[in-house]
Amino acid sequence: MESGEVEIKPKLSHYVMASRNKEDYDFLNVISTTRDDNGVFSLKDSIMTVNGVPHVQFSRPQRVAVIPYNERIRIGRNRNMTFSGKLFAGSTVIQGKEMSFDYPLFGIQIDSIKTFDLYIPTGKVDPDGQEVSLAIGSRIENFSGYLQIDAPQNKAGIADIPLFPAIQSKEHAYVYYDAPDIQQGVYLRDSFYFQMDRFTFNSLDRFIGEDLAFRGRLVSDSIFPVIEETAVLMPDSSLGFITQSPDDGWGTYVDRGRYTGELSLSNQGLLGKGLIQYLRARAFSEDVVFKPKQMIGSARQFDISEDRQGPIFMPKVEGSNVLINWLPYRDSMYVTTQDKAFDFYEGATHTLAGTLILTPDGLRGRGTFDWEKGYMDSKLFAFGAHDVNADTLDLKIRALGADDLAFDTRNINGNADFDIQQGKFRANSEELNTVMPYNKYQTSMNEFEWDMKAETITFKTDPGKMADFLCIDPVQDSLTFKGKTAFYNLRSNLLQIGGVPNIFSADAWIYPDSGLVEVKPGGVITTLENARIVADTSNKYHVINRATIDIKGKRHYEGSGFYEYNVGPHKQEIAFERITGYPVKKGQFSEKKSITRAEGDITDSLNFYIDTKTRFMGTIILEADAPELTFQGYAFLEADKLNRKNWFSINSKGDKNNLLIAYDNPRDLNGEICHTGFFINRATSYLYPSIMSMLFLRKDRPILETSGYFRYDKAGDTFYFGDSSKVMNVGRRGNLMVFNNKTAAVNGEGKLTFGSGLDMVKIEAAGTLASIFNVPDSLAYGETGPPKTFLEAMIGLQMIIPANLMKVMVKDLTASFDANYIDYVSDPFYEKGLAEFIPDDAQYFEVTNIMRTRALDLPESFDKHTFFLPKVNLKWDSELQSFVSSGDKLGMASIQGEMLNRYLSGNLEIRMPSNGDDRLYLYLKSSANFFYFFGYREGILSIASNNPEFQDAAAGLKAKELVLEPEKDKIYEIQFVDTDTAERWLRRIQDANK
């Protein structure tokens, strides 16, 4: 530096000249990006292993670079390198192992090329302006070679040498066609491939599709012999070829057949257009697909030449537009018609629509074999020179002079000899479907002979066995029966069946008077006379004798007949003029159940009884799926002790063996409603019972009324009316009326109707009534008056009483130390009454089980009852128009949910006058001689008490506690009255009890 001179080294001169493209240079730049060891240098062989190398670029102009596997390369002397990975060279991608880069020669030796992919320019550019290329559809695989990147003195690519980059193979390369989308991957690479000769491929960065041409040969898994050809780029962008067979063709599938014509290879598979020959068959196809174990295609023309001399007879066959499926290693060629059947024999008088199966053992077939008299269907025919056999076939025989079938049978074996015009057939199982369409019938008889000249069919069956006969007319819905013999005349279409035991139609067994049944054309069975009907078939509830029947089908028959109906001393018969078996109920017609239904009309003059003491007139309906008959009309009770008897309407099912008749608002012959129960007459205020009679006045008030069912008990000469479970003596709940025709006693039980006009005070009651039925036809009872009625009731009273008052009263009443406890055990009335108040069985059993221990604990639902009286003896006072409690004691179970279970001094009156001005009065008295009086009428609750504490509590009530609106637009008012009011009422009640 002291001299001021700088010595220029050759390296600097080279750098300057290279920057001006005056001298050659390289692009090598190895970058390690790992955080581990970047490189390891071996002193033994001077090799440096470099890690973390994402890529290395060898030539930018020639687009040559590598992405090494595991980002690892080895660098030796003079910048030589070795690596494995993905090598990019122009428009190709090479994947391989043990690649060696020779820096001085500027090339790469590749000892194991796994794949060699070529990309063809598309003529399009991407957003960066780069040309877009797509990979061809084939890969070149499994060879070794050498890649020349560029000339050794042109590493920078200063000179544009079109030859580079270039690759040379050193051994055979291969193209495989085993991808799943190539004929489902049938071409396996170990036996089907195109083997390339050694090749040189230059200009890897600028080739086009036309530049691809690789000499080699096709090894086709013995489909054909080895074929020498040149693989080029096919229209589907795969490598393949199109070639032509020699004039005498190629042997195919190890000479099992022969092929002459065009052959092409691509990613579409191995395809052909030409002539296929197999045994005596010839076919020309334009869309053959050759697979290693199968050949498929269609053929415009197909024929088999006749052979009557060889060991296997072969008929003459011609076809067109067929599909071929040849399985050469199974020695079978399947040929299937598409739109035109095969023509058989000379003159083409017989045809087959279906599939031929050609084998060295003869000609088989499946499908429909047709000729002028009929046709056969089979999955496997065996064809001779002029006959056909099958182990399993369906036979159809054409009707004479018509386009319809006369005969149709299935699942048989046999043969048809067209020289002698005879056919013999037998079923393959015990079930044979032989159809006679003119008669719309089929039979299961298992053997028959067809005389083609005489046009008759004689059926045979095994001795001692019955055959099935089935009607196939949709209208008759598969009517079926059995028979022993059958003969069918094809000319008259008459089917004669003998030995028929019965016929099932709708839901009935129909027994013909004779075992012979004749079926006319159309499936019409002649009318059966003097037949017997048993319906339904499962339960056999009903028998109809001396019937005239027209069987319309499996679900339909019509006719008339006689039905025996004997009850008690009455020997009777119902003439059913209208009998039908027909689908009924709701739903789709095909899903409806077919039921026998019969109707007969009964007049009063017939004096007909439906039970021992119940006469009937009207219509009786039989429905065979139930043991009951339906009675639509009027009933009359032949009861001596009933002096108000009349006909009343019924519409009910009933079983004569246990007759239970439903009723709901029955009417007499004039249309007036008939009632059964106890009622208060509004004119006389008398309480009277009614048994299927009109009320004296339409507005008479019901105390207990029944609806539901009635029955007659012959043993007790007793009629029962009401809820079904009570009538059958199996239920706890419901209303019941019982009339004893021996004693005229009438009893009722169930829910009672008290004080329906009270409005905002409610009475819930259940109990029993007992009386004697001597009700006259008018209201005039005479001096004796109406019969006495005894009434016991369980009563729940709901009224609004201020809580302060209730508290005082309950405290006083519960302190009544001398009050007796109620005995709930010895009287069954309590359990009966509670059943009406407690609808839930589980809760009911819980309460009654506790009650049997002499304690009653009511559930919370009873808290709604201000007063709950478990049993009150009441009598009806027609002068007071009131129900009045008997005696001076009242059993009190609870007050507003507070359990007492004691007898208290007290009285109850439920007034029910004819004008509907209902009233309620309750009087209770404690052992301290304090009384509590409550009277309700028209929204006003009157209260009186001589208890000073009660009076003080009443005086402390506010106005808003005395005038309430429990329901919209309804006023409930509490008034306190003087004690004289209560005492006057008490005296009136005591007088009524005398």
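Contact here means heavy atoms within 4.5 Å. The model is predicted: local features need pLDDT of at least 70, side-chain atom pairs count only at pLDDT 80 or more, and totals for chains, interfaces and linings use all residues. Residues are numbered from 1 along each chain as its sequence is written, and side-chain values use heavy atoms, with hydrogens and water left out.

**View 1. Surroundings of Phe 867 in the largest nonpolar core.** A nonpolar core is a set of buried (under 20% relative accessible area, 1.4 Å probe, protein chains only) Ala, Val, Leu, Ile, Met, Phe, Trp, Tyr and Cys residues joined through side-chain atoms within 4.5 Å. The largest one has 232 residues, and Phe 754 and Phe 867 have the most contacts inside it. Leaving out residues up to four places away in sequence, Phe 867 touches residues including Ile 795, Met 809, Met 892, Leu 922 and Phe 934. Another core, of 18 residues, lies apart from it; Tyr 824 and Ile 838 are among them.

**View 2. Packing of helix α3 with helix α6.** Helices are DSSP runs of H or I with at least four residues, numbered from the N terminus. Helix α3 (residues 803–814) packs on helix α6 (residues 948–955) at about 175 degrees, with the axes 9 Å apart. Angles over 145 degrees count as roughly antiparallel, so α3 is roughly antiparallel to α6. In the contact, α3 residues including Leu 805 and Met 809 meet α6 residues including Phe 950 and Ala 953.

**View 3. The open sheet β55-β54-β56.** Its 3 strands (DSSP runs of E, at least two residues) are paired antiparallel; two strands pair if DSSP finds at least two bridges between them. Strand β54 (residues 675–680) pairs with β55 over 5 bridges, and His 675 has Ser 693 in β55 as bridge partner.

Terms used. Axes are lines fitted to C-alpha atoms, for helices over the stretch in contact, and angles run from 0 to 180 degrees between N-to-C directions. Angles under 35 degrees count as roughly parallel, over 145 as roughly antiparallel, 65 to 115 as roughly perpendicular and the rest as oblique. Buried means under 20% relative accessible area, exposed over 50%, partly exposed in between (1.4 Å probe, protein chains only).
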